[in-house]
Amino acid sequence: MEDTLTPSQRLRETFPDSIVDVTLQQGIPLIRLKKEDLPLVVHFIHTHPALRGSLSLLWAVDHRPREARYELSYLFTLEARKDWLLLRIDLLREDRLFPSITPHIHAAKWYEREIRDMFGLIAQGHPDLRRL
């Protein structure tokens, strides 16, 4: 039987309480998550046979002073679908901590260290937070 669920539908079905919003950005599905659920969702994207997501990029945006928040974006290439998927989390007000995905995806190691050096945001659970 052919898999007819889109990545967004699959994630909504699997993690209904973790997803804050789903939209399209330049034709790429954008899923905004609760930050505490990020590692679980990332692990699912990386290991699910219908997705097989690889982290392509990870970046942060400082929206201050217009808005009191930072935004972290995770772009995945979905091998199984030859498509992209973008995850986002927000760090509100004075929050500077976010969950590390490095224990699940080794490719995030340098990205998370760079975000710490550039923005002062700390990846909790990262195995090596030395400055670059």
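This is a predicted model: local features need pLDDT of at least 70, side-chain atom pairs count only at pLDDT 80 or more; totals for chains, interfaces and linings use all residues.
**Exercise 1.** Work out which residues of α3 are buried and where they lie around the axis.

*Solution.* Start with the burial values: Ala 108, Lys 109, Glu 112, Arg 113 and Ile 115 are buried in α3. Next, look down the axis: these residues cover an arc of only 155°, which puts them on the same side of α3. Finally, find the cover: what lies over the buried residues includes β3 (53-62), β4 (69-78), β6 (97-99) and β7 (122-124).

**Exercise 2.** Find which residue forms a salt bridge with Arg 113, and say whether the two are buried or exposed.

*Solution.* First, search for the partner: Arg 113 pairs with Asp 128, with the closest N and O atoms 3.5 Å apart. Then place the two: Arg 113 is in helix α3 and Asp 128 in the segment after β7, 15 residues apart. Last, check burial: both Arg 113 and Asp 128 are buried.

**Exercise 3.** Now classify the accessibility of Arg 131 and Asp 117, which meet in a salt bridge.

*Solution.* The N to O distance is 3.8 Å, within the 4 Å cut-off. Arg 131 has a relative accessible area of 59%, so Arg 131 is exposed. Asp 117, at 23%, is partly exposed.

Methods. Residues are numbered from 1 along each chain as its sequence is written. Side-chain values use heavy atoms; hydrogens and water are left out. Buried means under 20% relative accessible area, exposed over 50%, partly exposed in between (1.4 Å probe, protein chains only). Helices (H or I, at least four residues) and strands (E, at least two) are DSSP runs, numbered from the N terminus. The arc is that of the directions from the helix axis to the C-beta atoms. Contact means heavy atoms within 4.5 Å. A salt bridge is a side-chain nitrogen of Lys or Arg within 4 Å of a carboxyl oxygen of Asp or Glu.
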